[in-house]
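Subject: Structure handover

Hello,

Here is the structure I promised to pass on. Please have it open while you read the notes below.

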Amino acid sequence: MVDHVRSPNVSFDDIDYNNSQDLHNAQESLLREQWIRVSALKVCRKALESCYKTSGPNHYEDCREIAEKYLNMLPDHRIQGFLGYQKNDPSK
């Protein structure tokens with residue numbers, strides 16, 4: 001069995017922008033973190049859907065905590081890409 005080789009977690013703050021390998025690793029690391037946040041959002045949404053289906057008419061009371069958590073996660077858990085952060089990096 002072949003193990004999947006992952007690129008290391010690298011921040012844009014720690015790299016030299018002239019080194020293309022470091023830049024690529026930082027881009028992949030940022031995108032991977034964003035995809036993990038999206039997956040967490042999907043898990044929360046599935047939990048909310050199953051709570052809604054099982055609770056029936058009492059879903060307003062039973063699923064309130066999950067719904068609030070889901071609504072709090074929505075603005076921050078989106079795929080934004082790396083170009084906005086990379087171009088506006090204040091340290092460079």
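Which residues does Cys 44 touch, not counting residues up to four places away in sequence? There are four names to look for: Ile 66, Lys 69, Tyr 70 and Met 73. Keep in mind that this is a predicted model.

Overall layout

The protein has 92 residues. Its secondary structure comes to 4 helices and 0 strands. Along the sequence, that reads α-α-α-α. Buried residues account for 27% of the protein. Take the contacts between residues at least 6 apart in sequence: 57% of them join residues at least 24 apart.

Helix α1

Start with α1, which covers residues 20-55. How far apart are the end C-alpha atoms of this helix? They are 52 Å apart.

At its start, a side-chain oxygen of Asn 19 comes to within 3.2 Å of the backbone nitrogen of Gln 21. Just after the helix, Gly 56 has a positive phi, about 65°.

The cores

The largest nonpolar core holds 7 residues. They are Leu 41, Cys 44, Leu 48, Cys 51, Cys 63, Tyr 70 and Met 73. Two elements, α1 and α3 (64-73), each give two or more residues to this core. The largest share comes from α1, with 4 residues.

Is Cys 44 buried or exposed? Its relative accessible area is 8%, under the 20% cut-off, so Cys 44 counts as buried. Cys 44 is also one of the residues of the largest core, and among its contacts are Tyr 70 and Met 73, which belong to that core too. As background, nonpolar side chains in soluble globular proteins tend to be buried together.

The disulfide

How many disulfides does a search of the whole structure find? The search gives 1. Cys 51 and Cys 63 form it, with their sulfur atoms 2.0 Å apart. The link of Cys 51 and Cys 63 is left-handed, with -100° about the S-S bond. The pair links distant parts of the chain, 12 residues apart. Cys 51 sits in helix α1. Cys 63 sits in the loop between α2 (59-62) and α3.

Both partners are listed in the largest nonpolar core. Cys 51 is buried, at a relative accessible area of 11%. Cys 63 is buried as well, at 4%.

The salt bridge

The count of salt bridges comes to 1. Arg 64 pairs with Glu 68, and their closest N and O atoms are 3.4 Å apart. Both residues lie in helix α3. They are 4 residues apart, about one turn of the helix.

Is Arg 64 buried or exposed? Arg 64 is exposed, with a relative accessible area of 51%. Glu 68 is partly exposed, at 40%.

Where to look

If you want a short tour, begin with the Cys 51 and Cys 63 disulfide. Then go to Cys 44 and its contacts, including Ile 66 and Lys 69. Finish at the salt bridge of Arg 64 with Glu 68.

Best wishes

Key. Residues numbered from 1 in each chain as written. Predicted model: local features only at pLDDT ≥ 70, side-chain atom pairs only at ≥ 80, totals over all residues. Heavy atoms only, no water. Expected span 1.5 Å × (residues − 1). Polar contact = N/O pair within 3.5 Å; in protein donor to acceptor, adjacent residues only side chain to side chain. Core = buried A, V, L, I, M, F, W, Y, C linked by side-chain atoms within 4.5 Å. Buried < 20%, exposed > 50% of the residue type's maximum accessible area, 1.4 Å probe, protein only. Contact = heavy atoms within 4.5 Å. Disulfide = S-S within 2.5 Å. Salt bridge = Lys/Arg side-chain N within 4 Å of Asp/Glu carboxyl O.
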